[in-house]
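I wanted to see how this chain packs, inside and out. Here are my notes, in the order I looked things up.

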Amino acid sequence: MSPVLYYALPALGSYVMLSVFFLRRPRLLHTPWAPAFLPRLGAHRAGSGERLEHTMEAMENSVAQRSDFLELDCRLTRDGVVVVSHDENLFRLSGVNRDVSSLDFEELPLCKEELEVYFSPGHFAHGTDRRMVSLEDVFRRFPRMPVSVEVKSVNEELINKVAGLVRHFDRNEITIWASEKSSIMKKCRAANSEMPFAFTISRGLWLVLLFYLGLLPFVHIPERFFICFLPTTINRTYFPFSCSGLNKLAAVVSKWLIMRKSLIRHLEQRGVQVIFWCLNEESDFEAAYGLGATGVITDYPTALRRYLDTRGGAAQVS
């Protein structure tokens, strides 16, 4: 045996054994974070399958179904009001081809009478309340309701105003920073570092890489929420790419990488809440909770509440 192998093989063996040991027992290296709430049921766009998305009526319906938190998106109007809206351009929502940032809050148009549910193609939501709402009004109406706030663009005024509203209403522990981009998340954390925050896409990919390299047990994780799509929804209700071939490939690869009970268990034991989105069918609820996820984000809070109430004992929700 060569001298290199003589030393390398025992070192590699020891590394693998330590990695597996601490992957299963992360609390020996890390003190887990205790969340202020248990995010079992999240209402996507405030419950956009049952009422018009992001309206106060949708939020009231989701709260009535005992949702644990609301998943909201934020934009900024021309007169500096933080408005709850997924889209910058209002054409899909209202039929008016204007950007949120080009209008004052009082000029925002009403939503259409029906809107297609993005993650349930062919299904439509209706509601009597068609008004867009400000984040401040949401915090006033639901002062202790946990909320995930996703910031869609690098807009420092928007970020600072969200951070200020959270402080003003004393919601630091129950309001989550969320964004797909690390560049945005960096600014969010600078604006209010007391708020818990979720993984961005690049940080999520880094997490998965560390897991398969066996390094994850030894790395500090500042994020408190891992909010991720469920791979089995790709090419069925979620279409990240316009090419069906790419969607099929993404489904296979992401299922192999992400749907690992050992990964989810490790994150949970370190205090990271694992939440899958956006799931609208019972089979998907079953798959997510079966993997050990903390919670699910859905467009249909009534359906998920029914599932949790009837099958909650079997679902792994804690």
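**Packing notes**

I began with helix α2: its buried residues pack against β1 (41-44), β2 (69-76), β3 (82-84), α4 (135-141) and α11 (301-311). A reminder to myself that this is a predicted model.

Which residues of α2 (residues 56-64) are buried? I listed Met56, Glu57, Ala58, Met59, Asn61 and Ser62. After α2 comes Arg66, and I noted its positive phi, near 60°.

Next I followed Met59. Skipping neighbours within four places in sequence, I found Met59 in contact with Ala46, His54, Leu70, Leu72, Val84, Val133, Val138 and Phe142.

Then the largest nonpolar core, which has 34 residues. Which members touch the most others? They are Met59, Leu72, Leu135 and Trp177. I checked where this core comes from: α2, β2, β3, α4, β6 (147-151), α5 (156-168) and α6 (182-191) each give at least two residues. The largest share is from α5, with six residues. Apart from this core I found another, of 28 residues, including Leu207, Ile264, Leu267 and Leu304.

I went back to Leu70, which sits in strand β2. Buried or exposed? Leu70 has a relative accessible area of 0%, so I put it down as buried. Not counting residues up to four places away in sequence, Leu70 touches Ala43, Ala46, Met59, Ser62, Met145, Pro146, Val147 and Ser148.

On to helix α10 (residues 282-290), where Asp284, Phe285, Ala288 and Tyr289 are buried. Why do I say they line one face? Looking down the axis of α10, I see the buried residues fall within an arc of 125°, so one face of the helix is what they line. The general rule I had in mind is that an α-helix has 3.6 residues a turn, so residues three or four places apart point the same way. Among the elements covering the buried residues of α10 are β9 (273-277), β10 (295-298) and α11. Just after α10, I noted Gly292 with a positive phi of about 100°.

Last, the outside. I found a nonpolar patch on the surface made of Trp206, Leu209, Leu213, Leu215 and Phe218, with about 450 Å² of accessible area together. Trp206 belongs to helix α7 (residues 201-213). Its relative accessibility is 43%, so I logged Trp206 as partly exposed.

How values were computed: Residues are numbered from 1 along each chain as its sequence is written. This is a predicted model: local features need pLDDT of at least 70, side-chain atom pairs count only at pLDDT 80 or more; totals for chains, interfaces and linings use all residues. Side-chain values use heavy atoms; hydrogens and water are left out. Patches are made of residues with over 30% relative accessible area and no salt bridge: like charges are joined within 9 Å, nonpolar side chains (Val, Leu, Ile, Met, Phe, Trp, Tyr) within 5 Å. Accessible areas come from the Shrake-Rupley method with a 1.4 Å probe; for residues, only the protein chains shown count as cover. A salt bridge is a side-chain nitrogen of Lys or Arg within 4 Å of a carboxyl oxygen of Asp or Glu. Helices (H or I, at least four residues) and strands (E, at least two) are DSSP runs, numbered from the N terminus. Buried means under 20% relative accessible area, exposed over 50%, partly exposed in between (1.4 Å probe, protein chains only). Contact means heavy atoms within 4.5 Å. The arc is that of the directions from the helix axis to the C-beta atoms. A nonpolar core is a set of buried Ala, Val, Leu, Ile, Met, Phe, Trp, Tyr and Cys residues joined through side-chain atoms within 4.5 Å.
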